[in-house]
Amino acid sequence: FNQALMELGALICSPENPACALCPIKTFCKAYKNGDPQNYPVRSKKQRSIKIIASALVLENKGKFLIRLRPLGEIMGGLWEFPEWKLAKNKKLSLPAIQRRTIKLIEKEFGIKTIDLKHLGTIKRNYTYFNETLHIFFQPAAGDAEPGRPFTRSARRRRGHEDEMGWRSGRPCGMEHEWATKQQFSSYPFSSAHAKIVRLITEKL
């Protein structure tokens, strides 16, 4: 039966100029009955890919690194990640511009001053119709960001905000967070992109 359908499609029901007069099952065909078989099958328009520039923060204090748990019900919910932000959509940004935007977000989100923001590398990732370039930055935590108390008083009072793409991200008050050592990373399930950040930390820090 399957072979017969394949031959029917190859010899009679072709995408262009279908030979409906020769088709043995045309009486069951809705396209034939509608009189426009050349318009079938209906092909959905392919979603154009969207290029995203994002940044992630590796915040370290006393040998521990800040990670947070993505809420259930969101994309990659239930997985751990390093804080990240979407910076631009279908735009080109130089590395200094990416760094400046990231510094502003760090100071706004965590209430700490960036002293020595270091670019660790970039990660390419694709999901649905997004093509994302994720820039990884390293920052030693300020003195008031003790493990177990990672944010200044003003930052703890802040609620989550929307980044430039309108996506909510970087919500320390609204997301469970932990300080983890390199040895403890294996106990946390990360997304594939953030698992690569773990490898960057292991290799470069």
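Which residues are linked with Arg70 in a network of salt bridges? In this predicted model, the network joins Arg68, Arg70, Glu74 and Glu81. The count of salt bridges comes to seven, and that of aromatic pairs comes to eight.

**Salt bridges around Glu81 and Arg70**

- The side chains of Glu81 and Arg70 meet in a salt bridge, with a distance of 3.3 Å from N to O.
- This pair links distant parts of the chain, for Glu81 belongs to strand β3 (residues 80-81), while Arg70 sits in the loop between β2 (64-69) and β3. The two residues are eleven residues apart.
- Both partners are hidden from the surface in the sense used here: Glu81 is buried, and Arg70 is buried too.

**Salt bridges around Glu132**

- Lys86 forms a salt bridge with Glu132, and their closest N and O atoms are 2.7 Å apart.
- Lys86 lies in strand β4 (residues 84-89) and Glu132 in strand β6 (residues 130-140), so this pair ties together parts of the chain that are 46 residues apart in sequence.
- Arg125 also forms a salt bridge with Glu132, and here the closest N and O atoms are 2.5 Å apart.
- Glu132 has a relative accessible area of 1% and is therefore buried, because buried means under 20%.
- Arg125 counts as buried as well, at 10% relative accessibility.

**Aromatic contacts**

- The ring centres of Phe65 and Phe185 are 5.8 Å apart and the ring planes stand at 45°, so the pair is classed as tilted. The reason is that planes under 30 degrees apart count as stacked and those over 60 as edge-to-face, with the rest being tilted.
- Phe65 lies in strand β2, whereas Phe185 lies in the loop between β9 (177-180) and α5 (192-204), so the pair ties together parts that are 120 residues apart in sequence.
- Phe65 is buried, and Phe185 is buried too.
- One aromatic cluster is formed by Phe65, Phe82, Phe185 and Phe190.

**Helix α3**

- Helix α3 covers residues 95-110, which makes 16 residues.
- From its first C-alpha to its last, α3 reaches 22 Å, close to the 22 Å expected at 1.5 Å a residue.
- The buried residues of α3 are Ala97, Ile98, Thr102, Leu105, Ile106, Glu109 and Phe110.
- An α-helix has 3.6 residues a turn, so residues three or four places apart point the same way.
- Just after α3, Gly111 takes a positive phi of about 70°.

- Most residues other than glycine have a negative phi. Two residues of this model may be set beside that rule.
- Lys62 is not a glycine, yet its phi is positive, at about 55°. Lys62 is found in the loop between β1 (50-61) and β2.
- With a relative accessible area of 61%, Lys62 is exposed, because exposed means over 50%.
- Met76, also not a glycine, has a positive phi of about 60°. The place of Met76 is in the loop between β2 and β3.
- At 33% relative accessibility, Met76 counts as partly exposed, because this value falls between the limits of 20% and 50%.

Methods:
Residues numbered from 1 in each chain as written. Predicted model: local features only at pLDDT ≥ 70, side-chain atom pairs only at ≥ 80, totals over all residues. Heavy atoms only, no water. Helix = DSSP H or I, 4+ residues; strand = E, 2+ residues; numbered from the N terminus. Expected span 1.5 Å × (residues − 1). Buried < 20%, exposed > 50% of the residue type's maximum accessible area, 1.4 Å probe, protein only. Salt bridge = Lys/Arg side-chain N within 4 Å of Asp/Glu carboxyl O. Phe/Tyr/Trp six-rings, centres within 6.5 Å; stacked < 30°, edge-to-face > 60°.
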